[in-house]
Amino acid sequence: MSKRKRIIAGNWKMNKTPSEASKFIKSLKPLVKSSRNEVVCAVPFTAIQTAITAARGSRIKIAAQNMHFEEKGAYTGEISGEMLRDMGVKYVIIGHSERRQYFGETDETVNKKVHAAFGYGLKPIICVGESLAQRDAGLTAELVRYQVKAALVGITAQQVSKAVIAYEPIWAIGTGRTATSAQAEEVCGIIRDTVKELYGRQYASAVRIQYGGSVKADNAAELFGMEDIDGGLVGGASLKLQDFATIATC
Ligand code: PGA
């Protein structure tokens, strides 16, 4: 049985206004009160402040879904790690496949953002994962290893032990087609091996690895019960109160 504390993070994507966020978090609080897991909601930038206020006095932590790697300056439309830290943000999702696909995120910018996140005391949730074509071509292991190594260039062992890595096969995101627990465990194991190769067993056993991609109330327990899966990054189901509460407490 793993000693790592499970971390369940809802990725709201571009959903919910500040007032909807406040209402949702207030309703979620009592439902996750006795959860042994770390419970995180990654809300849109515009809802961070109200979400943090609503989450006060609870175990729910608020995350951002992205950040810029520079500290400040002429980067119109961007948000820095310092701005997030100052608001009370604890985690930041970095390198989600939607950002890689639609917003030009690369392994290099992911690595810069991971450095910046640690620089501001934020814990990164680093996303990796293959497309269906890459899986069919037998490239999953190689690609995921590469993405993990590229994201962690220059990151210290102390830092890596605080990082969260989310394995999110692109073909499972928002499709309703969840990876089987065996498929998810296989790749999460590869990710832990990669961290072990880079930093040694001690740090590899500390890093938390999530599975993400069509996690639902009825498949979460099986997925999170696997040896190398320490929780989930949950999109669609994190917008539904009862579903997310079930997932966050399993
Ligand atoms: P999904 O999204 O749960 O809706 O598949 C997961 C994610 O993109 O993090």
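# Report on a predicted model

Gln210 is buried, its relative accessible area being 0% (buried is under 20%, exposed is over 50%, and partly exposed lies in between, using a 1.4 Å probe and protein chains only). This residue sits in strand β7, residues 208-212; strands here are DSSP E runs of at least two residues and helices are H or I runs of at least four, numbered from the N terminus. Leaving out neighbours within four places in sequence, Gln210 is in contact with Ile7, Ile8, Ala9, Ile125, Val164, Ile165, Ala166, Tyr167, Cys188, Gly231, Gly232 and Leu233, where contact means heavy atoms within 4.5 Å.

A word on the model before going on. It is a predicted one, in which local features need pLDDT of at least 70 and side-chain atom pairs count only at pLDDT 80 or more, while totals for chains, interfaces and linings use all residues. Residues are numbered from 1 along each chain as its sequence is written, and side-chain values use heavy atoms, with hydrogens and water left out.

## Charged pairs

Side chains of opposite charge can pair when their charged atoms come close. Across the whole structure there are twelve salt bridges, each a side-chain nitrogen of Lys or Arg within 4 Å of a carboxyl oxygen of Asp or Glu. One of them pairs Glu38 with Lys61, with 2.8 Å between the closest N and O atoms. These partners come from distant parts of the chain: Glu38 belongs to strand β2 (residues 38-42) and Lys61 to strand β3 (residues 60-64), 23 residues apart. Glu38 counts as buried at 8% relative accessibility, whereas Lys61 is partly exposed at 29%.

Glu130 pairs with Arg135, and here the closest N and O atoms are 2.8 Å apart. Glu130 is buried, with 0% relative accessibility.

Glu197 and Lys149 form a salt bridge at 3.2 Å, N to O. This pair bridges two helices, with Glu197 in α9 (residues 181-199) and Lys149 in α7 (residues 140-151), 48 residues apart. Lys149 is partly exposed, at 34% relative accessible area. Elsewhere, shared partners join Arg4, Arg192, Asp228 and Asp230 into one network of salt bridges.

## Helix α9

Which residues of α9 are buried? They are Ser181, Ala184, Glu185, Val187, Cys188, Gly189, Ile190, Ile191, Arg192, Thr194, Val195 and Tyr199.

With its 19 residues, α9 reaches 26 Å from first to last C-alpha, close to the 27 Å expected at 1.5 Å a residue; the expected span is 1.5 Å times one less than the number of residues. Gly200 follows the helix and has a positive phi, near 95°.

## Helices α1 and α12

The axes of α1 (residues 18-32) and α12 (residues 241-248) come within 10 Å and cross at roughly 40°. Each axis is a line fitted to C-alpha atoms over the stretch in contact, with angles running from 0 to 180 degrees between N-to-C directions. The crossing is right-handed, that is, the near helix is turned clockwise from the far one by less than a right angle, anticlockwise being left-handed. On the α1 side, Phe24, Ser27, Leu28, Leu31 and Val32 make the contact, and on the α12 side Leu241, Gln242, Phe244, Ala245 and Ala248. By class, eight of the residues are nonpolar, two are polar and none is charged (Ala, Val, Leu, Ile, Met, Phe, Trp, Tyr, Cys and Pro count as nonpolar, Asp, Glu, Lys and Arg as charged, and the others, Gly among them, as polar).

## A few individual residues

Lys13, though not a glycine, has a positive phi of about 55°; its place is the loop between β1 (7-11) and α1. Ser214, also other than glycine, has a positive phi near 55° and lies in the loop between β7 and α11 (220-224).

Asn111 is part of helix α5 (residues 107-119). Beyond residues up to four places away in sequence, Asn111 touches Ala150, Ala151, Leu152 and Val153. Glu142 lies in α7, and its C-alpha is 37 Å from that of Leu241, a residue 99 places away in sequence.

| Residue | Relative accessible area | Class |
|---|---|---|
| Lys13 | 22% | partly exposed |
| Ser214 | 14% | buried |
| Asn111 | 13% | buried |
| Glu142 | 58% | exposed |
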